[in-house]
Amino acid sequence: MPITADITWYILTALTLISALAVILVRNPMYSVLSLVLTFFLLSCHYFLLNAQFLGVVNMIVYAGAIMVLFLFVVMFLNLREYREETKNNLTKIGAFVMGLAILGAIIASIRRLQYPMPSNDQFNVTTGYVETLGDLLFRDYLLPFELVTVLFFIAMVGAIIIGKREKGERHF
Amino acid sequence: MDIFWIKAIIVLVIFGLSLVVAMYSTWAERKVAGYMQDRPGPNRAGWGGLLQPLADAGKMFFKEDFIPAQANKWLFIAGPCLAMLTALLSSAVVPFGDTIIVGSDEVQVQGIEVNIGILWVFGIVSLGVYGVMVGGWASNNKFSLLGAIRAASQNISYELAMGLSLIAVIMMTGSLSVRDIINTQHGGSWNLLYQPLGFIIFLTCAFAECNRTPFDLPECEAELIGGYHTEYSSMKLGFYLFAEYINMFVSSCVVSALYFGGFNYPFMDKVAEALGNDATGHNIATAIGFGVFFMKALFFVFFFMWVRWTLPRFRYDQLMNLGWRSLIPLAILNIVVTGIGLMFEIRWFSWVAVVIIVGVALVQAAMKPKAARGILEAAPVR
């Protein structure tokens, strides 16, 4: 079995990298969004391979299922031919390049400092990724932060509704 | 025989069965329509028109496969493929039966048994909208695009209420695995008896997710010609229609698994006892359970058709209001009431929610002025 799991991992990783690259390399925003959906789906598969089924499925529901549908919505409403030329401006290209490099540098620098605990066979626990373990952690050890995050989300939701519902001539908050 | 091959055969059988059921659902739909409208329905091909689905498939394959000139060719092809793929994926976690014993192995009659089963169904359903959206956009047709957008917003809206109604069932079971949910309903304690409100919400949302009447606004022919599949012809159209029937079958299976006890049936322990404890007896008992599950699922497929030929289509604003202003608050109320019930260990407590809602609805109806009562709420008050 370990050999097949290895092969699956390599194929999956190759596909993930290809689809992630396609997000930024293809010209058509529609293809870009769809490859992002594919990337999220493949990332979910990675989670499944790591036996973190709950995380994988939630990633699929929230990102691939809900958020990307909204992205697709916006792209559908754009008139694609009109917006195509704008991004070819040299200044924006240079700016994007510099920003990308800076973010890449920051990510590499922060990862180099991290010390990941290497997994070993005797520490391995099948139930680590299970929803029961996650529930125990969230609702016992980290109950307060979890509740605070829900309050934060609630505030964000109310704010979004207030901003979204405001029409011309209505008073500002 | 290796356990892998047994599992592979089971998966293939489930796959084949869902295709066959979807195929004969088209026939049954027309028969039911015919019966309800007092006409015979398809009766030329085979006995009682039983060969009609094959004839239809032949017709679909040999029709001209037309791709509009300005359409995005690849996405146009990808649309129906995605719809079909997501429709078939979701049945992977549905337990169609108990276990079968082959030699020394006990194999579950199910694609995969994972501890997040019901969330898998939910995740695949949330991906299902891409087939419609991609196809509708790629057609380069305003009506298709409108249909696709309607489908997407309808599916997103009803997913929320569906998920919330599921939570109450999950709370009562304490597990996300569909098999566990079925096993806790053993001995006649079907979830329907404890979650009446959740069942109604779930069923309504299932109708909306499958784009079935009364929520078939994405393909509303009176407003949108044909909706997202206006430009489709030949087998691509066939795939879209077929995916709808597969979705219908899978959601029927999920409803019967979640609320109607799945492969449980009354006196099943006595039947299992009479059949004996050896492998053959166990396998026959499993087969009976499988049959019972299938009967339940097929009843809900019939229910889908029954509703289709009984209820008229909603208006789009009515659809959205029902989803956001009625079903979601009701589902939240159901969760709260179920939670209170669990706290005091009263399983039937969510009937209280039903009583409250019926009471509120009656009071509201009584307080309304007479002219505004009835179905035609949009009509001007005289």
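The model is predicted: local features require pLDDT of at least 70 and side-chain atom pairs pLDDT 80 or more, while totals for chains, interfaces and linings use all residues. Residues are numbered from 1 along each chain as its sequence is written, and chains are lettered from A and ligands numbered from 1 in the order in which they are written.

Chain A contains seven helices and zero strands (DSSP runs of H or I, at least four residues, and of E, at least two, numbered from the N terminus). Of its 173 residues, 14% are buried (20 or more other C-beta atoms within 10 Å of the residue's own, C-beta atoms being placed from the backbone).

In chain A, 16 residues are in contact with 19 residues of chain B (C-beta atoms, placed from the backbone, within 7 Å). On the chain A side, α2 (29-49) and α3 (53-77) each supply at least two residues. The largest share, 12 residues, comes from α3(A). By class, this side has 14 nonpolar, two polar and no charged residues (Ala, Val, Leu, Ile, Met, Phe, Trp, Tyr, Cys and Pro count as nonpolar, Asp, Glu, Lys and Arg as charged, and the others, Gly among them, as polar).

Within chain B, helices α6 (residues 142-173) and α9 (residues 196-209) pack at about 150°, with axes 9 Å apart (axes are lines fitted to C-alpha atoms over the stretch in contact, and angles run from 0 to 180 degrees between N-to-C directions). The two are therefore roughly antiparallel (over 145 degrees). Residues of α6(B) including B:Y158 and B:M162 meet residues of α9(B), among them B:I201 and B:F202. This contact comprises 10 nonpolar, four polar and one charged residue.

Key. Buried ≥ 20, exposed ≤ 12 C-beta atoms within 10 Å, placed from the backbone. Contact = placed C-beta atoms within 7 Å. Parallel < 35°, antiparallel > 145°, perpendicular 65-115°, else oblique.
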